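Thanks, everyone. Please have it open on your screens.

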Amino acid sequence: MTSALTLNHYLIVSGLLFALGIAGVIIRRNALVIYMALEMNLNAANLALIAFSKFNRIIDGQILVFFIIAIAAAEVAVGLAIIVALYRRKQSISVDELTTMRL
Amino acid sequence: MNHWLLNYSVDWGMRNGHTPICSVWIILFAPLVAAALIALVTPKWKGVSAALSIGAIALSFALSMGLFLVFAVKHIAHQPHTIQWLVVGDAVRIEFGMITDPLAMLMLLVVTGVGLAIHVYSLGYMKGDPGFSRFFACLSLFTFSMLGIVLSNNFIQIFIFWELVGASSYLLIGFWFEKPSAAEAGKKAFLTTRIGDVGMMLGILLLWSRAGTFNFAELQAKLPSLGLSPGILALIGVLIFTGAVGKSAQVPLHVWLPDAMEGPTPVSALIHAATMVAAGVYMLCRVSWLILPSATALHLIAWIGGITAIMAATIAIAQNDIKRILAYSTLSQLGYMVMTVGLGGPTQAMFHLTTHAFFKALLFLGAGSVIVALHHEQDIWKMGGLWKKMPITFWTFLIGTLALAGVPPLSGFYSKDEILLLAFEKSTPLFIMAITTAFLTAYYMGREVFVVFFGQPRDRHSYDHAHESPLVMTLPLIFLALLSIVAGWHGRVPDFLGALPETGHHSVLLTGGLIAVPLFGFLVAATIYWKPEPSDAPVKAALGQLWTWVENKYYFDELYAWIVKYVQGTIATICDLFDRWILQRLGIGGLSVGTGLLGRTVRLLQTGSISGYAFLVGLGVTVIIYCVVVR
């Protein structure tokens, strides 16, 4: 039963999840949603790490994932703060209106 | 004669090793020290400046005399003294050395002796000039450079000093630089001689590429074993001769010397008559071992010298400026010397160089004395009858004239005699040119003397104010007049230089003819110009169209102006267009416009949209991964 699930299955899921995240980042206009899509990218990476760790029987990957989760949490705190600050200033969190950083 | 000096020099020299070599360094560097001190410390104190300059050259003269006496009496062999100066790898070895053979010693005496007289004379001539100190600094700098040429023992060193005399000559011709004509003349002299110097440099490098050394003695020893083809040998000889063409003002680079008369008269005497212009001849004599093996080079040298001699002499008969007549005469005599080198007689050339240095310096200083007396009037047609007013100037000028014309028993006779005899033996056409030149020399000098010193004064006002020059000016005149008389006696000078080839016995007719020619020249000049109111009219009528040609110096200046205007001007225009359109517009301008356009294009990517950026990042990463994995 377990032999049916190979490393490739995990990696394909991870890749799809990552593509979904990228598509979200590119397509969506709402900064919060873009943020959530970014988290999806991180978790796709986590999934791949754990899969490798399990199939290669090396624990390092799983340790790294804990770090990534911790850092992602810290990042969310900063990122959400930025989005709140943006909203206070512009009354909007649509990235289409945040195009002042150009020539 | 001067026993204490002789003993002193000998003892001093002996104590210091084989030769009094230290004194050679002092001879060379004393004027440089004087020049530096004047320029840096004493420009405000005119008396001190003059004393420094004159003291330096007097010291050089005394030491040269000592060196000469040591050699003449004790016959001490002179060791060449060199220091390694620049060594680049094994190939390039440049020395700074001194050569003190008889040739160099003779030239040392001429340069320092005539130089001393002219330095003293300048005290009177330059009195009250605002640039008094500057003048003496330049004069000392020139003396240093000239002595450097004389003492050099290798080509690089001689070339450096060669350029240094060019620079000091430029400074002194343009001494009164506020006069546009003087500034122009300085530029002309500098640029014209530069053309010759480029040729000389090429010759030096070509010789070095074959022989691998610059040292004269080594080259002389090596040359026969190098097996150079006649073509290369002739090319080297001619290229090195090009330097002498520029410096000694031979055709076709002679145009700068007459204009150089814009400088103060002592400068004309020292630099543009006695020493610097003779440097070309000296250099040819110094490297005669290089030129003598090549018949082609010798032919060219002889003919250029001969043409210069007769052409300058014909121009001199139609000049109206007291100094320009002498300038063309200098050209003519330099032509003689160069021709003599070309005929294979460097000893005779040096002999004439020596006597010429004395009497031509004397003539220039005499002319300067007249110019000062008439408050800077140089037109001979505004002079006249001056012999009563200025007896010393007149008599010394007369001695110089007779010596220049070659009247026995003055020095010019002996040296010119040797040259004419050599020409008689070697080449008939050149002999005819030379003897015609001798006639013309006597004629134009007679014209100058009769017009300036005899006849009625034509400018009564300046005649009344004219007076004999002060002692500082007349003493050098007397000194040089004595030298002009005795310098040729008994062939002492050529004996000193080494064996003068025995010219054999010539018929009395030839010798008599050589004496008669200058006298005939004077006679012709006297019949035309020895009148109360002399004028050029009879000659002008006799010569017709030819007079216009000589009066305009055969249109050399006009020809060169035309060449510069059309040939050089066209090249300059093409270069200008290339620079303006190809380099500036296409090269520099193209680059800047291209960069601007590229920037504008790339800026379009900078949208400020986060999703755009994310897309590009994603795309980029994908491409990288694709390249890494799939490839």
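The largest nonpolar core has 196 residues, and those touching the most other members are Val114(B), Val150(B), Val281(B), Ala361(B), Ala434(B) and Leu480(B). A nonpolar core here is a set of buried Ala, Val, Leu, Ile, Met, Phe, Trp, Tyr and Cys residues joined through C-beta atoms within 7 Å. Buried means 20 or more other C-beta atoms within 10 Å of the residue's own, exposed means 12 or fewer, and partly exposed is in between, with C-beta atoms placed from the backbone. Helix α4 (residues 102-125) of chain B gives this core its largest share, 17 residues. Helices are DSSP runs of H or I of at least four residues, strands are runs of E of at least two, and both are numbered from the N terminus.

This is a predicted model, where local features need pLDDT of at least 70, side-chain atom pairs count only at pLDDT 80 or more, and totals for chains, interfaces and linings use all residues. Residues are numbered from 1 along each chain as its sequence is written, and chains are lettered from A and ligands numbered from 1 in the order in which they are written.

Contact means that the C-beta atoms of two residues, placed from the backbone, lie within 7 Å.

Chain B as a whole has 27 helices and 2 strands. Of its 631 residues, 49% count as buried. Among contacts in chain B with a separation of 6 or more, 81% join residues 24 or more positions apart.

Now chain A. Helix α1 (residues 7-27) and helix α2 (residues 31-56) of chain A pack with axes 8 Å apart, at an angle of about 165°. Axes are lines fitted to C-alpha atoms, for helices over the stretch in contact, and angles run from 0 to 180 degrees between N-to-C directions. α1(A) and α2(A) are therefore roughly antiparallel, the word for angles over 145 degrees. Their contact has 19 nonpolar, 5 polar and no charged residues. Nonpolar covers Ala, Val, Leu, Ile, Met, Phe, Trp, Tyr, Cys and Pro; charged covers Asp, Glu, Lys and Arg; the others, Gly among them, are polar.

On to the interface. Chain B and chain A each put 10 residues into the contact. On the chain B side, helix α27 (residues 610-630) supplies the largest share, 5 residues. The axes of α1(A) and α27(B) come within 7 Å and cross at roughly 145°. Ile22(A), Val25(A) and Ile26(A) meet Ser611(B), Ala614(B), Phe615(B) and Gly618(B) there.

Last, the backbone. Which residues does a cis peptide bond join, with omega about 5°? One such pair is Val251(B) and Pro252(B), and another is Pro408(B) and Pro409(B), also with omega about 5°. Pro252(B) sits in the loop between α9 (230-247) and α10 (256-259) of chain B.

Arg57(A) has a positive phi of about 55° although it is not a glycine. The loop between α2 and α3 (60-90) of chain A holds Arg57(A), which counts as exposed because it has 6 C-beta neighbours inside 10 Å. Gln91(A), in the segment after α3 of chain A, has a positive phi near 55° as well.

Technical notes. Angles under 35 degrees count as roughly parallel, over 145 as roughly antiparallel, 65 to 115 as roughly perpendicular and the rest as oblique.
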